[in-house]
Amino acid sequence: MADLETLRQAIIDGDAKTAGAVAREAVAAEMDALTVIQQYMVPAMDEVGRRYECEEFFVPELLLSARAMKAALEPIRPLLAASGAKPAGKVVIGTVKGDLHDIGKNLVASLLEGGGFEVIDLGADVSPQKFIDAVQSTGANIVALSALLTVTMPSIKMTIEALKAAGVRDKVKVMVGGAPLTQQFADQVGADAYSENATAAVTAARRLVAAG
Amino acid sequence: MAEYVRLKPEPGRTVSDQLYQLGLEFPCGGCSACGGCRVRLVDGEIPITEGMREALREDELAAGWRLACQADAAVPVTLDIEQWSARILTDNTSVAFEPGEGFGAVMDLGTTTLVVELVDLATGDIRGVLAGLNPQGRHGSDVMSRIEFDLREPGVLCEHIRGALGAMLAEVAQGREVKEVLLCGNTAMHHLFCGESVEPLSHVPFSSPALGARTFAGSELGWKAEVVTFLPCVGGFVGSDLLAGLVACGMAESAEVMALMDLGTNGEIALGGRDGILCASTAAGPAFEGGRIRMGMRAGDGAIDRVEATEADAMRCHVLGGGEARGICGSGLVDAAAVGLALGMIAVSGRLNNAPLRLDGAVQLSQADIRELQLAKGAIAAGLEILRRQLPVEPDVVRTIHLAGAFGNYVRVESARRIGLLPSWKAPVAPVGNSAVRGARLLLLNPSRREAMIEAALRRTRHVDLGGDAEFQEAFIENMRFMPPGR
């Protein structure tokens with residue numbers, strides 16, 4: 001019998017090996033995938049987020065936990081799909097055109113995944129057209145845009161305008177983030193949400209989905 | 001090559017004041033405690049004070065050594081300040097000095113600070129030095145915000161910097177005719193000075209078509225100089241300041257592999273030798289200059305510049321100037337983190353056991369300050385590691401690590417190694433002062449060999465773009481942690 005408490009702790013400790021092993025045991029024991037995720041894995045990531053918020057954890061710990069989460073999700077995901085369970089939401093994420101920084105974006109992507117979202121990561125230096133194509137082909141309900149440089153911030157605005165021009169802006173919620181961004185900037189460019197850090201992004205995404 | 005300054009008595013300004021304004025720093029804050037600000041009297045007379053007697057030996061005093069922090073004189077004096085600009089590789093026979101005539105100048109156009117040196121082309125002596133702040137600073141402290149500003153209001157920054165450097169040149173030349181000026185600076189500074197478009201520097205792949213040297217007639221700039229040349233950039237944001245640094249430490253001719261690290265706001269690093277050099281810039285941020293640290297400040301009176309562990313496992317802080325602590329500078333920050341780790345006050349993850357970490361008086365470090373340091377040192381350590389892997393070269397093959405800049409002069413190497421800012425390689429770490437200015441001066445003093453020297457350094461050097469490198473990002477995150485000793 002898989003010890004799910006160990007799984008929870010392994011995710012908090014960033015121990016991918018143990019997390020993956022326990023998850024495989026859980027699958028072998030035919031445990032309910034949704035229960036494992038919702039009662040152990042998501043709460044573990046929430047705890048990681050809490051520790052990050054109160055400055056106990058920093059980027060490396062956050063990333064290790066996200067990796068442990070990923071390792072645990074790997075064997076469980078096929079079961080989840082088979083059970084017909086729906087993800088919390090579908091997010092298309094990317095760093096905007098002209099900007100190659102993707103540490104922050106990767107972190108947000110991992111945490112969203114850990115938070116039960118299906119994430120389509122387009123990478124860095126992503127053109128507006130690629131965002132539009134991804135939204136249309138995946139039916140995502142959230143687009144998350146990242147920029148780390150003051151000089152690439154205008155790319156966020158361009159991307160949002162391109163979404164409008166392509167007629168898909170109304171179909172999705174837009175979240176923005178990155179070191180030089182502010183709530184004020186998010187308001188100016190007409191984004192639906194801004195988050196100051198990776199863990200707040202998960203909260204913001206949940207709020208957007210809840211608001212429909 | 002000795003470096004001389006000549007000073008005249010000025011009412012209300014001691015020799016010590018004048019030296020301070022020339023950029024000499026007094027490591028202990030001017031209380032004659034450390035002897036670290038020694039200069040050698042070549043001509044004239046500087047009375048020996050009680051403090052000098054305590055800090056210097058009898059034979060040193062007889063040889064003309066004095067403490068800059070306590071120096072005053074009633075007559076004009078000439079001082080040798082060679083130790084302030086560290087050593088030029090004197091064994092480098094390929095760099096011969098060609099005596100010329102008249103005066104020349106070299107300028108280091110930094111993102112934050114400006115340095116202008118007047119050089120006697122006949123003797124190679126420095127006849128005056130001026131340091132100042134880059135007036136562009138009010139439009140953003142880092143290169144990216146400057147670029148953004150210039151895109152919005154083209155030409156303003158160009159006008160500012162040309163005006164400021166022209167005024168400094170006039171002040172340092174004091175009516176003497178200047179034949180030639182050589183400038184160095186990072187790629188953004190180069191473009192903004194030369195009036196090149198910074199648009200290519202505002203997005204990936206950050207490659208500009210205008211990296212080459214630019215020569216102006218002094219009159220074009222409104223300067224009192226015949227010819228002004230901005231030295232060529234290396235690539236990406238790595239500019240002629242690093243190129244000049246490579247020249248200063250002779251990297252392109254070196255049979256042994258060496259590293260050069262300039263830990264300013266735009267941290268630039270190079271690794272290699274005559275068989276090839278790799279260089280990169282890592283946006284380390286201003287933490288080592290006291291920036292973005294809540295109680296951070298530049299190394300001046302009231303700054304904690306050194307922290308040690310006492311026998312009772314507590315922290316003992318040294319304050320520049322000896323008064324009450326007002327803040328902490330880069331070297332103090334690195335020391336505090338190293339001591340905090342040794343005493344178990346900071347975990348390997350960077351977590352403070354008891355936040356904030358109290359240092360001295362009202363000065364303390366918050367958890368966020370430690371995080372800022374982790375980001376800065378992580379970026380630099382990861383950058384060097386990637387260059388090492390790509391060169392590729394084994395750690396033990398690297399023979400010397402040259403550490404440029406004022407921070408490099410004052411940081412305790414042992415502490416920098418403990419926190420992982422510097423690698424645990426066997427190579428000794430040598431502070432080299434302002435290697436950009438020294439390299440530019442070497443080029444100024446060797447007009448017939450200049451092109452070949454620049455060409456040799458440029459040809460052997462390849463710029464590595466770390467921004468889009470997945471391996472770098474991995475190493476960056478790994479290096480954010482404080483590795484336990486021995487790793």
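**Cores and helix packing**

Trainee: Which residues does B:Leu359 touch, not counting residues up to four places away in sequence?

Mentor: This is a predicted model, in which local features need pLDDT of at least 70, side-chain atom pairs count only at pLDDT 80 or more, and totals for chains, interfaces and linings use all residues. Residues are numbered from 1 along each chain as its sequence is written, chains are lettered from A and ligands numbered from 1 in the order in which they are written, and side-chain values use heavy atoms, with hydrogens and water left out. Contact means heavy atoms within 4.5 Å. On that basis, B:Leu359 touches B:Ile304, B:Met315, B:Cys317, B:Ile328, B:Ala336, B:Gln364 and B:Leu365.

Trainee: How many residues has the largest nonpolar core?

Mentor: A nonpolar core is a set of buried Ala, Val, Leu, Ile, Met, Phe, Trp, Tyr and Cys residues joined through side-chain atoms within 4.5 Å. Buried means under 20% relative accessible area (1.4 Å probe, protein chains only). In the largest core, A:Met41 and B:Leu359 have the most contacts inside it, and its size is 113 residues.

Trainee: Which helix gives the most to this core?

Mentor: Helices here are DSSP runs of H or I with at least four residues, and strands are E runs of at least two, numbered from the N terminus. With 10 residues, the top contributor to this core is helix H4 (residues 59-83) of chain A.

Trainee: Are H1(A) and H2(A) roughly parallel or antiparallel to each other?

Mentor: Axes are lines fitted to C-alpha atoms, for helices over the stretch in contact, and angles run from 0 to 180 degrees between N-to-C directions. The axes of H1 (residues 4-13) and H2 (residues 16-28) of chain A come within 8 Å and cross at roughly 150°. Angles over 145 degrees count as roughly antiparallel and those under 35 as roughly parallel. H1(A) and H2(A) are therefore roughly antiparallel.

Trainee: And how are H1(A) and H3(A) oriented to each other, parallel or antiparallel?

Mentor: The axes of H1(A) and helix H3 (residues 33-53) of chain A come within 9 Å and cross at roughly 30°. H1(A) and H3(A) are therefore roughly parallel.

Trainee: How many charged residues are in the contact of H1(A) with H3(A)?

Mentor: Residues from H1(A), including A:Glu5 and A:Arg8, meet residues from H3(A), including A:Glu47 and A:Arg51. Asp, Glu, Lys and Arg count as charged. The contact has 10 nonpolar residues, no polar ones, and a charged count of 4.

Trainee: Is B:Thr229 buried or exposed?

Mentor: B:Thr229 lies in strand E10 (residues 225-230) of chain B. Its relative accessible area is 11%, so B:Thr229 is buried.

Methods: Angles under 35 degrees count as roughly parallel, over 145 as roughly antiparallel, 65 to 115 as roughly perpendicular and the rest as oblique. Buried means under 20% relative accessible area, exposed over 50%, partly exposed in between (1.4 Å probe, protein chains only).
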